[in-house]
Amino acid sequence: MNIFLILSVLFFSCQDDTASEKPAEKKYFISAEETADIPLETLKALTTSLGQPDIAALLKYSIKSYTIVYETTFKGEPIQASGLLIIPQGLTADAPIISVQHGTTFVKSDAPSLGAFTGMELFASAGYISLVPDFIGYGKSASVFHPYYDKDHSAFAVVDMIKSAKEFLASKKIGFNEKLFLAGYSEGGYVTLAAAKEIETNPSHNLKLTAVAAGAGGYDLNEMLKGITTSTYYSYPSYLAFVMMSYNNTYNWNKPLNYFFKQQYADALNQYMNGEYGGSFINQKLTTDLNSLFNADFYSRLKQPQGEPELKQALANNSIVGWNTATPIRLYHGSKDEIIPYQNSESTLKSFREAGNNNVTLTIIPQATHGSGLQPMLQNVIPWFLSL
């Protein structure tokens, strides 16, 4: 086993006497429950046993993990969400914060806050206060359908957890500095870039990014749509179903699944897309042949320039277009990615360039598939973050 695969991580304002009192600042933190207390020696031994002595040498602190519950929004209404907060123990200086966004999760019990070792404990042991949001639809908010590849819900699940964690840390007098790192892969790459854009284009968050690393995310959903409508094969159809079902719920379209999919596959999705079955299992109940997977009328309209305008508008709205950023951002993508083609990241880089930005780079990982691209990305990102 390889450790890189395990890593698969206000103010008071004085007014004049005649002005009305400033409203109390919104609070995000709700609760925190300790879930793990791991000594440094155990973390070093684990890392060494996995064949990573170089990483073991970077570990300096025992860690404590907490399930943190915080307030965010879903469909415009307040909702309680959760995530994992990991704090290095015995800090002698204020620590930077890193938020690591996980990839696509079909099984709700796999939420990071539910107690399994995530690998982000190693970032904390190296001196980072580490956050791993569950995302809406998991953990505390498991009763709702995850808003998959929804830009705003993705961004605020991260941004609001960062604010909540800072409130908790301040209440416990745990020192943190203003360095803030974001990283993620696959869906986590998309969520990372969505959060970075929200932070940088909305100064009211009062957050400043230090560096961002995003790998193999489907940032340009119009580019993904082009691939689906010009090819009849897709290797992981449960991802397509996840997007359709997410938008159908999040935007209250409430269409029967056989509007999108042929009846046998609509029936399978109604039975198995419930948070209890993994993506590979669901794939076995579907087909990689898009002509067979989709309802014929729906698929025909999807291929027409004016067809399915509601879905196409949603895909356009949730695509992440580049902006002029002051933060160094590194994109990563495998050249053999069979799920999200590397051209998606190329398109995203182009949009950054068109916005007048030169702080964004793209590293194409030779011969890497969607699954194998994570390790080389981490091998580059970890020393880069440490250098900052």
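This is a predicted model: local features need pLDDT of at least 70, side-chain atom pairs count only at pLDDT 80 or more; totals for chains, interfaces and linings use all residues.
1. Helix H14. This helix covers residues 343-354, twelve in number. Its first and last C-alpha atoms are 16 Å apart, close to the 16 Å expected at 1.5 Å a residue. Asn-344, Ser-345, Thr-348, Leu-349, Ser-351 and Phe-352 are its buried residues. Viewed down the axis of H14, these buried residues fall within an arc of 155 degrees, so they line one face of the helix. An α-helix has 3.6 residues a turn, so residues three or four places apart point the same way.

2. Surroundings of H14. After the helix comes Gly-356, which has a positive phi, near 85 degrees.

3. Helix H15. The 14 residues of H15 should span 20 Å at 1.5 Å a residue, and the end C-alpha atoms are 20 Å apart, which agrees.

4. Is His-370 buried or exposed? With a relative accessible area of 7%, His-370 is buried, because the limit for that class is under 20%. Leaving aside neighbours within four places in sequence, His-370 is in contact with Tyr-185, Ser-186, Ala-216, Asp-337, Glu-338, Ile-339 and Ile-340.

5. Aromatic pairs. The structure holds 27 aromatic pairs. Phe-260 and Phe-298 form an edge-to-face pair, with 5.3 Å centre to centre and 85 degrees between the planes. Phe-260 lies in the loop between helix H8 (237-250) and helix H9 (263-272), and Phe-298 lies in helix H12 (residues 296-303), so the pair ties together parts that are 38 residues apart in sequence. Phe-260 counts as buried at 1% relative accessibility, and Phe-298 counts as buried at 0%.

6. An aromatic cluster. Which residues do ring pairs link into a cluster? They are Phe-106, Phe-145, Tyr-148, Tyr-149, Tyr-190, Tyr-236, Tyr-239 and Phe-242.

7. Lys-26. A search of the whole structure finds five salt bridges, among them one between Lys-26 and Glu-71, whose closest N and O atoms are 2.5 Å apart. This pair links distant parts of the chain: Lys-26 is in the loop between helix H1 (3-6) and strand S1 (29-38), whereas Glu-71 is in strand S2 (residues 63-74), 45 residues apart. Lys-26 is partly exposed, with a relative accessible area of 40%, and Glu-71 is partly exposed at 25%. Lys-26 also lies over the face of Tyr-28, at 5.1 Å from the ring centre.

8. Lys-166 and Glu-178. These two residues form a salt bridge in which the closest N and O atoms are 3.8 Å apart. The pair links distant parts of the chain, with Lys-166 in helix H5 (residues 151-171) and Glu-178 in strand S6 (residues 176-185), twelve residues apart. Lys-166 counts as buried at 16% relative accessibility, whereas Glu-178 counts as exposed at 52%. The limits that apply are under 20% for buried and over 50% for exposed.

9. Glu-310 and Lys-255. The closest N and O atoms of this salt bridge are 3.3 Å apart. Glu-310 lies in helix H13 (residues 309-318) and Lys-255 in the loop between H8 and H9, so the pair ties together parts that are 55 residues apart in sequence. Glu-310 is partly exposed, its relative accessible area being 40%, and Lys-255 is partly exposed at 21%. The loop between H8 and H9 that holds Lys-255 also holds Phe-260, the partner of Phe-298 in the edge-to-face pair.

Note on methods: Residues are numbered from 1 along each chain as its sequence is written. Side-chain values use heavy atoms; hydrogens and water are left out. Helices (H or I, at least four residues) and strands (E, at least two) are DSSP runs, numbered from the N terminus. The expected span of a helix is 1.5 Å times one less than its number of residues. Buried means under 20% relative accessible area, exposed over 50%, partly exposed in between (1.4 Å probe, protein chains only). The arc is that of the directions from the helix axis to the C-beta atoms. Rings of Phe, Tyr and Trp (its six-membered ring) pair if their centres lie within 6.5 Å; planes under 30 degrees apart count as stacked, over 60 as edge-to-face and the rest as tilted. A charge sits over a ring if NZ of Lys or CZ of Arg is within 6 Å of the ring centre and within 35 degrees of the ring normal. Contact means heavy atoms within 4.5 Å. A salt bridge is a side-chain nitrogen of Lys or Arg within 4 Å of a carboxyl oxygen of Asp or Glu.
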